Amino acid sequence: MNSQAYEQTRKSAIGLFSGVLGATEEELRETIVFLSKRTGLTAGEQENLVNELLADYAVISQDYKILDGDDPEHKTWLFGSRGNIDWKFWKRYEDYLEQQVKLPVDTINNLDKLTNDVLDRITNPKQQGPWDRRGMVVGHVQSGKTGNYTGLICKAADAGYRVIIVLTGLHSSLRSQTQYRLDEGFLGRDTKKERAYHPGGNGTDVIGAGLIRPTPSAQSVTTSAENGDFNAGAATASGVTIKGSDPVLIVVKKNGSVLNNLLRWLGAQGERVPGERNARIVRGLPMLLIDDEADNASINVSPRAISTINSAVRALLTLFEQNAYVGYTATPYANIFIQMLEEAEYTKFKHTVRNRKTDAAEFDVGQDLFPRDFIVNLPAPSNYIGAGRLFGLGGPLTEDAQQEEDSRLLPVIRPVRDYATLIPDGHTIRSTTKRESTPLPTDIPASLKEAIRCFVLTCATRRVRGQGHRHSSMLIHVSRFVIWQDRIADEVYSEMKSLQDDLRYGTAEIIDQMRQLWEKDYRPVTEQVLGILTRELHWRDPAIRQHTWEEVLTELSPAAQKIQVRISHGGLDYAGSNPLHRPLNYVDYEAPAEGTEAGLSVIAIGGDKLSRGLTLEGLSVSYFLRASRMYDTLMQMGRWFGYRPGYADLCRLYTTPQLIEWYQYIAYATEEMREQFDDMVRLNSTPLKYGIKIRTLPGVLQITAANRMRGATIIELSYANSLLETSSFEINQAVTDHNYHLVRNLVEGMTQPRVQLHGQPFAWQDVPAEVVIDFLKNYSTSQAKLDRNKLTQYIQLQNQRHTLTHWTVVLINADRSKGNENPFFDFPIPDLPADQQKVQSTLRSHARPRNQTPEEKKLPVVPPADGPYMISRSHIISPRHEMLDLTPTQVKKASADYRAAKRTEYDEQLEKARIAGRSEPVWIEPDVTVPSGTFIRGARSSRNGLLLLYPLDPAAAGLSKESPVMGYALSIPHIEGDERVKFAADQTFIREFYSGGSEYDPDEEVLIK
């Protein structure tokens, strides 16, 4: 292929279609044929380019939602001023994204719209007097947040923001990576070579957007070098001043010393505050502070005062009279627990920066970092590979919906079960009073050896696809301890070296093993992914195709020889001189020495440093054993999320069945949280009311570290329009027997006539609320969300307002028509003879890991020995059961409302397609026979509640068959203006109720001073 001609034709085509959405295949094909007459592309090259551009134009981004605050002083300003602003930074960045980064047109246009909306909300930098704005953008892990806020920075600089500070993670490598991306997108030059901009330079430092146009200019007091973090001496020597004519960029890691030095340097350029010793303020210089990974380190984790980094960030904001703060995160769980403080609570604090040579400088701390003014819920583009694409989103699904979801899952997850003897869970590095340090491993598990071979196969296949010059990475994350990472790296290096030698010499045994792995794993997975791509309207990838073993074989050895093994952590290696402990500088491999192939192929072994923000370029194979019980930590560790153009079928994730299960649960909880967010937007709510309901897995998973959820507050708890279910059970025979006898007593005491509801023979209507309350008070569960006191108090409060007074109680009898063989259990049903008082139990399996092999799916799933028994998808209910008590009229209303909502959603997509000039989406009539739960509960009278009792087959929990495991579901209707349960929630309650655990984030404990 003539790569130069191909690239020239591609750029010309992009230029012709710039700003155009919905380009048709015919239009693209005609344009490529026309351009190829000049560039000389062959027919095959033209076809490849048409497919590549079609893939870009197929990608769509769903509309984002913005939850606005209620600040009456803030007025929209941007859209009346756009014509007066010279968008020089933005236009250059937009061209860079289109021509060099090759982002889909729809993605760029959505970025343009989003950054306009965010810029409009952070205040006009021309506005006089003091102002202070706080907001947050919630994206997805590895979904392109850096590119997103680079666009905002470009527009902010164009509008008149003069100082732009970007806070990155805790490690220098992440700060360096972030600075380089801003060098490319905003500055247009490599700061490693030139910190300050000098007009008329030799041009050797020009990169990224600078290659599009060398101007406009901006200054930077930090560089993309590993040691390029803020340094007062270097900043002063550079000659850069925040009072110059150019905007100034400062990219710093979240480190107390670095932030203190920055505060002192900036403060020295401000004015003294009259009447306050050593206090300063910077006036007339609008400042934008971007907080990347805003849930990490920026949160105040001190139980008594203010932790160092949180205090320094707040001091940076108050130092500038005019400031705007925008946090970016994919895991906002900790941020929505930040408290809005009374003025007296924060004015008593000062942030003090001490210096041996000069007097201490003091800075006001200011309000905490809650995003009070706006929160943006940012959907990922259609080609994003996230948790839903890998693990599924859970939820109670019909059989057809379940099959549809399963058909979209990428079959790339491989359960790991052989690691415990070499890398045991809970391994330690120091002696304790109970046990000695866990011995370091002397080998690696067979599953890790297989994963390494998969990485070689992936690299070889990418070479066949013409991607040999691209970066390729493998992640190994099995321990947070440095000494363990070093030992594992040594073993991986030995394994890789042996494999390289065997492939170089063509050892028959290894070649045959690699062929078998290819035929067993790679060929069928590619076939399945190709099937997914044919069914997806907005995800196309022409580079994914089948290859013969002979094609891959020729590239095996070259691919293997290129692979390096690197350790990536923040500490010294245990020997003090391990050559594997080297930085992951992908940039150094993008333009290598002449005669050397571009692209870094690397196996990266690490822990926390690889689990927060740092992007592993071309990540394709992950081996991940590190367990955490926190939603945000687990999601951030998922470096495998993101975009995989041309090699999604070649990716593999090796992890434990437990983590597969947890990720599926978190994916569902997060999606549910985002849906609640969108509901709040429709209700014109505000950020201060965000975050009340986040689904938890009590006793197993917690939302975030307990040290990020502090203080006491008055909480108003509502259960209106909610479905409450028992989904986690103690494996305890005594508790199981207690709940069984409790239900027996409930049924035996029924005085209402028994009725049959939609095939369920054991139902009672108009049951008094007192009967349900008594049952809930005595039912034994450890699920914090089903707190018996708050739940029964809520029902009692509604009874005083004449709602939730009448209940339908249904003892669920399994559907025998489906050939169920679940055991029967005795229940003393008053109006039936003893021989008919038998109810067939329901089978609810313990959660099965997703992406199991057909052989594994044949095996029964049992809970771990230490429990708990967790129902698959965390739903005890079958979707139809929530409709059992509805009248035909109510069923009709629920179905109609559900269809109307789907129609509204379709109309929004239709309008967007028409504006974009894209072909209109096809209206698919929804199945309204089982509307979603929100509409079912909305159709039910507020007087009526529904209690569903489920006798579950105890075999699924590994218990004796004498008693069923009794679970229940409580369906509470929408209640307009319901009376809420009010109570004071301290740190302990918040930790237990919202999280169900007590795990702290050890990385942030060190931030407390």
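1. Let me start with Thr-461. Not counting residues up to four places away in sequence, Thr-461 touches Trp-518, His-547, Val-552 and Leu-650; contact here means heavy atoms within 4.5 Å. Thr-461 sits in helix α14, residues 446-464. Helices (H or I, at least four residues) and strands (E, at least two) are DSSP runs, numbered from the N terminus. Thr-461 counts as buried because its relative accessibility is 0%; the classes are buried under 20% relative accessible area, exposed over 50% and partly exposed in between, with a 1.4 Å probe and protein chains only. A polar atom of the Thr-461 side chain also lies 2.7 Å from the backbone oxygen of Leu-457.

2. A word on ground rules. This is a predicted model, in which local features need pLDDT of at least 70 and side-chain atom pairs count only at pLDDT 80 or more, while totals for chains, interfaces and linings use all residues. Residues are numbered from 1 along each chain as its sequence is written, and side-chain values use heavy atoms, with hydrogens and water left out.

3. Now confidence. pLDDT is the predictor's confidence in each residue, from 0 to 100. For the protein chain the mean pLDDT is 83, and 82% of its residues reach 70 or more. Two stretches to look at: pLDDT stays under 50 over residues 572-576, where the model has nine contacts beyond four places in sequence, and also over residues 984-1009, where the model has 87 such contacts.

4. The overall numbers go like this. The protein chain has 27 helices and 30 strands, and 58% of its 1009 residues count as buried. Of the contacts in the chain with a separation of 6 or more, 81% are between residues 24 or more positions apart. The accessible surface comes to about 41,500 Å², with 49% of it belonging to carbon and sulfur atoms; areas come from the Shrake-Rupley method with a 1.4 Å probe, and for residues only the protein chains shown count as cover.

5. On to the cores. A nonpolar core is a set of buried Ala, Val, Leu, Ile, Met, Phe, Trp, Tyr and Cys residues joined through side-chain atoms within 4.5 Å. The largest one has 61 residues, and Phe-775, Leu-949 and Tyr-968 have the most contacts inside it. Elements that each supply at least two residues of this core include α20 (733-748), α21 (769-778), β24 (806-811), β28 (944-952) and β29 (965-972). A second, separate core has 47 residues, among them Ile-488, Met-496, Leu-499 and Ile-510.

6. Strands pair if DSSP finds at least two bridges between them. β24 pairs with β23 in the antiparallel sense over four bridges, and Trp-807 in β24 is the bridge partner of Val-767. With β28, β24 runs parallel and is joined by six bridges; there, His-806 has Asn-944 in β28 as its bridge partner.

7. Which backbone values would I check by eye? Most residues other than glycine have a negative phi, and most peptide bonds are trans. The peptide bond from Thr-215 to Pro-216 is cis, with omega near 15°, and Pro-216 is in the loop between α7 (172-187) and β4 (219-220). Ala-297 has a positive phi near 75° without being a glycine, and His-802 has one of about 65°. Ala-297 is buried, with a relative accessible area of 0%, whereas His-802 counts as exposed at 62% relative accessibility. His-802 is found in the loop between α22 and β24.

8. Ser-298 is buried, with a relative accessible area of 1%. Its side chain makes a polar contact of 2.7 Å with the side chain of Asp-291. A polar contact is a pair of N or O atoms within 3.5 Å; within protein, one must be able to donate a hydrogen and the other to accept it, and residues adjacent in sequence count only if both atoms are side-chain atoms. Leaving out residues up to four places away in sequence, Ser-298 touches Lys-254, Asp-291, Ile-309, Asn-310 and Leu-369.

9. Last, Glu-30 in helix α2, residues 25-39. Glu-30 counts as exposed because its relative accessibility is 52%. Glu-30 and Val-50 are 20 residues apart in sequence, and their C-alpha atoms are 9.6 Å apart in space.
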